[in-house]
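Hi,

Here is the structure I promised to pass on. Have a look at it first, and then read on for what turned up.

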Amino acid sequence: MPPFSQRKHDRVLLALTLLMLASLYAWPLLTWAPNRLLTGHALPWSRLANGWHPLLWLPGMLLLPAWALRPRRLVWLATALAAAALLAGLCGLAGAVAAEEAARTPFGRTSFGAAFWSMALLCWLTAAHCLTRLFPRHSSRSIAHLLLWAPLGLLLASGRMDELSVLKEYANRQDVFDDALWRHVQILLATLLPAIATGWPLGLLAFRRPALRQALFAVLNIIQTIPSIALFGLLIAPLAWLAQTSPWLARAGVGGIGMAPAVIALALYALLPIVRSMVAGLEQVPAAVVEAAAGMGLSQRQILLRVELPLALPVVLAGIRITAVQTVGMASVAALIGAGGFGAIMFQGLAGSALDLVLLGVIPVVALAVVLDALFSFFESLLEIRP
Amino acid sequence: MALLALALGMPRLGPLFSALYPELDRPIYQQDSFVDLLLAHIAMVLGSSVPAVALGVGAGIALTRPWGREFRPLVETAVAIGQTFPPVAVLAVAAPLIGFGVRPALIALLLYGLLPILQGTLAGLATVPAASREAAQGLGMSTRGILWRIELPLAAPVILAGIRTSVIINIGTAAIASTVGAKTLGSPIIVGLSGFNSAYVIQGALLVGLLAIVADQAFERAARRLGHWRGAGTAV
Amino acid sequence: MIEFSRVSKRYHGSLAVDALDLVVGEGQFTVLLGTSGSGKSTTLKMINRLVERDEGEIRFAGRDVRHFEPQDLRRRMGYAIQSVGLFPHWTVEKNIATVPQLLGWSYARTAARVHELMTMLQLDPGRFARRYPHQLSGGQQQRVGVARALAADPEILLMDEPFGALDPVTRAALQTEIGRIHRQTGRTVVMVTHDLDEALGLATHIVLMNQGRIEQQGTPLEILSGPASDFVRDFVGRSDIGIRLLALERVAQHTRTGEILPGEPLLSHNTLREALSAFVARRVDRLPVVDEQGCPAGTLHFSDLIDARHDAR
Ligand SMILES: Nc1ncnc2c1ncn2[C@@H]1O[C@H](COP(=O)(O)OP(=O)(O)O)[C@@H](O)[C@H]1O
Ligand SMILES: [Mg+2]
């Protein structure tokens, strides 16, 4: 099989294009329900046709044959732009149709259908596929992604999509949403900062003392193994007891349910990746470099601060990234023990079988995780030593 | 063993829990027997993990064959996005779409469980020394022979680590699946949390935690057996 | 046994092997020699079809290699490489038994063969048979690699820089071993190396390659005594250090006693360097030796001269 650069067409793009067509054929792009509690049914294509906008068919026309063109920079650039434009066009179309329907029946709800979500994913993958080839360096690629998707954010902010169900749900519960966001970030910070403050020194200690390392990792591995919901549950009793016996703790907000058990459990989970990344980071510092530094007369402290830690930094940072993403997700489970956050919205939606409400909880959690992941990845890529 | 004993013996612990929580009039969860819940929980994890292993390992193999290699970066990107989704979010979205009960839970568990297995398979196959592959080919092994007798056995420890991660996550997510109406060991926890019955919560949490640890230990043992040819000192 | 006629291979449009004509004779020890990137490995791998040629024809046992199933072809040829490529999850005995198993040999026959090969390559079966590759030294691993290549009695043994990664002492020992195996079994061998001394010591036929073409081929003596081009002269010239070392040793140390040849003899107290001049001047590969009294003492083989240089280092 000839390597990619010699191939006349791009099988990956072909597969993505076929998947787009298949999802558009098989699933509804938008659904409509008479009110927020009923399940929606597909809006027929005829209803969508009046939104048949150049922003939709132009990029579509570009994307369809892209796979057959000889892979080169111009084609990748055009394809990435077309994918972003197509997604923006779909969002615009959805907003316009929703506004139209809203004018007709005020309580009706227009929601994104399965095809929209799969198109969003496929457009993103298409653009990512092309940008990876255009920008081999991670940091420039991140910036390209940012530029590519910024118009989508503007579209969202412009209010053109406000009549869509999820955004209506948001408008109705803006204060709840804002509280949840604040609470989620609070949980995240309250987990990460203490976990880092203990995890880094522990990692350093474990690196220097192999005996301690084994014991520490054995304990942390077991903690990591216990499912979050079980650990939350197991912390209820001892914390409730603590709050009962020492009222000042209770006054400080510690109790069987709420934020305290959530943050304690999440910090315990966070310890493993943080400690492990510190140990791994220090371990991958070449012994020769440390020896050379010692040979030049640096003290052990100086070696740590000027040689070992800076060289360990990329791995340590990756550890923080993984921990942050993990914590954002697990924090949503903490809603079950009354810690609040987006999980509360999610579970409320689940209880009412209201998909839009569930999405109002899920989307920001995923967005938060993606943003944190991208941000830390960007920092990591800045640290990459350039050849 | 301890797990089964705890599941069977939980009702006997009634006096203990009523001593701990004198204000509760029913200190032991009785809607279902703990053994039934345990079995249902295990069934759900197996029901999702077995197909996830088949699909994940299969996809990992496909992506490392000459005809599938081109798709690998794309799939890896998709998997990376997938992993920023918390498992509970997959569950929460699946339920309203598919309906409540065991089905959405199974599907959510399967989808999410795929990712670590696929990653493990890709990472594991990458550890196969190129020289071993070339030698196998040069000695006249068939492509299938190389896959089954060389590549998969050599990749097995890393693949197993992926399966282990996947199964442990699924044990936890299956517990949360009781919020979408599936009966699992999470049921006492959820019922206990909504009814302010801490005893139920502890009973469920103990069993779920123990199940996860037991499963993890089983994997640990299997991993040690699989990696015997590597000699001592496997990584953390 | 193997015939190349006008065989070419391109990578990304540039020729790695360029219209190569080559005959590998039955029972010969053919060495493909040349600098890195000269197309040696590509040539070797086209024989067992790990690389498919683009043009020309390669015949094995009289038939085009394309007429064989690649797997059948490879099972009839042993293959050993520099990075050894032992299967890390299999014991030494299972590694050696790879091809016999593929060919469906009986358990007893396989076990006997594994035992025989381990003994032949000086690996004590009792100690090593059940070890895993990571429990062996580099030299032992390569011994297993060679044993594995020889396991099913292949009609031809293909080796790609098999000793390239070993330290000089281990390498010399394995070279001696493989030379002995070749002499004992008369098996056809094709070996790739960039090490001139290794080629001179082992080959019955050297093929010196450069940029995908053959610069010169012939016996070691022919290459040494009659370089056909500046490239060959330059390549062979690099052996100087070894040749200078020959001045340190005497013919007597390397004479094979018991063989008596006619012709003008060497003196046993001549240096090996003087002997080399005699070999090159008279274009023969063995010469009679007489002692100080003029009595026949035996024969000196050209190839022993090369071994001597390893010993001297
Ligand atoms: N798989 C390959 N893909 C691309 N080029 C290759 C490949 N294998 C070999 N080449 C090129 O072909 C030429 C000959 O390579 P090779 O036969 O390996 O040389 P040697 O074994 O003599 O060092 C070199 O220029 C090398 O870069
Ligand atoms: Mg080579």
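Before the rest, some housekeeping. This is a predicted model, in which local features need pLDDT of at least 70 and side-chain atom pairs count only at pLDDT 80 or more, while totals for chains, interfaces and linings use all residues. Residues are numbered from 1 along each chain as its sequence is written, chains are lettered from A and ligands numbered from 1 in the order in which they are written, and side-chain values use heavy atoms, with hydrogens and water left out.

Back to chain A. Its domain assignment (bounds from an automatic or database assignment) gives domain 1 as 4-163 and domain 2 as 174-384. Taken over C-alpha atoms, the centres of these two domains of chain A are 35 Å apart. Contact (heavy atoms within 4.5 Å) links eight residues of domain 1 of chain A with 10 residues of domain 2 of chain A. Together the two domains of chain A bury about 640 Å², 62% of it on carbon and sulfur atoms; buried area is the accessible area (1.4 Å probe) that two parts lose on being put together, summed over both. Salt bridges (a side-chain nitrogen of Lys or Arg within 4 Å of a carboxyl oxygen of Asp or Glu) across this interface of chain A also come to zero.

H6(A) gives the most, with four residues. Helices (H or I, at least four residues) and strands (E, at least two) are DSSP runs, numbered from the N terminus.

Chain B has 10 helices and zero strands. Its C-alpha atoms fill a box of roughly 75 × 45 × 25 Å along the principal axes.

In chain C, four strands form an open antiparallel sheet in the order S2-S1-S4-S5, where pairing takes at least two DSSP bridges between two strands. At the edges are S2 (14-24) and S5 (63-64) of chain C, each pairing on one side only. Strands S1 (2-11) and S4 (55-60) of chain C are joined by five bridges.

Best wishes
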